[in-house]
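These are my notebook entries on one protein chain.

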Amino acid sequence: MDALITAAARFLAAGDALGALQRVALREDPPALALRGIAMAQLGEHARARELLRKAVKAFGPSEAVSRARCVVAEAEVALAMRDFADPPRALRQAAEVLDAHDDRINALQARLIAVRRLVLLGRLDEASRALPMVDPSAGPPLPAALASLAEAELALRALRIREARLALIQALAAARHTGVAALIAETEQLHALLDRPAARRIDAGVEQPLRLGEVEDLLASPTLVIDACRRAIRGEGLEVGLARRPVLFVLARALAEAWPGDVDRATLILRAFRTRHPDETHRARLRVELGRLRALIEPVASIDATSRGFALRVDEGRTVTMLAPPINGEQAALQALLADGAAWSTSALALAMGASQRTVQRALAELEADGLVRAIGQARAKRWLAPPMTGGLSGITTILLLPASAPAG
């Protein structure tokens, strides 16, 4: 490796992409192509970065397996920044194995952390937790330690383990400051700021109270029966019923919780659950069936009783019922939450993250675009979606509870 390549690599490690490009910008040999690709990625030119990294992979010879593996890892990180989940993770796993076999532990760790962050973005938290490598923050270089602590903190935040997240963020911030990389420090500080921002609204008898993530964690650990509109679930004292795929049951549970300790008349329940203003006997029969299904799910902690005009939610004496509502309203709140990270998402990536069809996501994006809440860049297959800066409903709050997550067992 010549002096210019070594110098460019040191500039990149310090986060100085322009300093690196000054030394290799006109070179076409494989190491220079790889460094140019990484530099372009640091400058935000992801499409060009991917092109250079792929060119470098092809240019490295058969005996340069480690260099090719490093390029694969760098390209995977670029794909993550582009929110492009089309490529299977097999190549990244194979690259990590090659790097491990050649004792390049730091880059192998980086490959595994990229895989974990990909799983977190897709809401596959259980898989991400199993794949998260154990790293001692006090041992080894500060950069991988910071990245590992960041991944651990993000996973803990998404799983609502706020105390673990706070500890991991303290470790990540200390390691990031030790690296001196401004972008890494800013990312860590931004994630740490989420802890003190409103994350949800607690609604009791029509009275709203903003809650931070730590307060949400405490509420879900209490005996209170919580109708969680952020994750579309019912939680309380050991009960955890996911209703994300059973919208009618969730609508009924929400209506009963909003009226607690009173009741809800049958016409209102039919209107909200089945969206009809002219119910007949079939709607009333279906309402009884759906309420029976909901009653069976919540039977360990609550019941649904018939009243003279409708139905009411009942809990044991001394217990209460509350609503946990998202920080922003609307049917497309989860989509807005994904776009609020500032990255440009493709329609296919959004569909994969949300577990929905591309056509459903396209319709939702069209509605949000008409309301001025999202905007598109590019055309055809290069089209990407992002939220405009300082979107009205997203300023000063965190939408982390709206991000996709594996549905709890019901």
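**Entry 1: a helix and its cover**

I looked up what lies over the buried residues of α11, and found that the cover includes α9 (142-158) and α10 (162-179). The model I am reading is predicted.

Which residues of α11 are buried? I listed L184, I185, T188 and L191. Seen down the axis of α11, these buried residues fall within an arc of 130°, so they line one face of the helix. On the face turned away from that buried side I noted the exposed residues A182, A183 and Q190.

I then checked the length of α11, which runs over residues 182-193.

**Entry 2: a sheet and its helices**

In what order do the three strands of the open sheet lie? I read the order as β6-β8-β7, with antiparallel pairing. The edge strands are β6 (263-265) and β7 (302-306), each of which pairs on one side only. I recorded an average twist of 25° from one strand to the next.

Between β7 and β8 (residues 310-315) I found five bridges. A306 stands opposite F311 in β8.

Helix α14 (residues 266-274) packs on the sheet and touches β6 and β8, its direction making about 75° with that of β6. Helix α15 (residues 281-298) also packs on the sheet, touching β7 and β8, and its direction makes about 155° with that of β7.

**Entry 3: confidence**

The mean pLDDT of the protein chain is 87, and 96% of its residues reach 70 or more. Over residues 390-394, however, I found that pLDDT stays under 50.

Definitions and conventions. Residues numbered from 1 in each chain as written. Predicted model: local features only at pLDDT ≥ 70, side-chain atom pairs only at ≥ 80, totals over all residues. Heavy atoms only, no water. pLDDT = per-residue confidence, 0-100. Contact = heavy atoms within 4.5 Å. Helix = DSSP H or I, 4+ residues; strand = E, 2+ residues; numbered from the N terminus. Expected span 1.5 Å × (residues − 1). Buried < 20%, exposed > 50% of the residue type's maximum accessible area, 1.4 Å probe, protein only. Arc of directions from axis to C-beta. Pairing = 2+ DSSP bridges. Axes fitted to C-alpha atoms, helices over the stretch in contact; angles between N-to-C directions.
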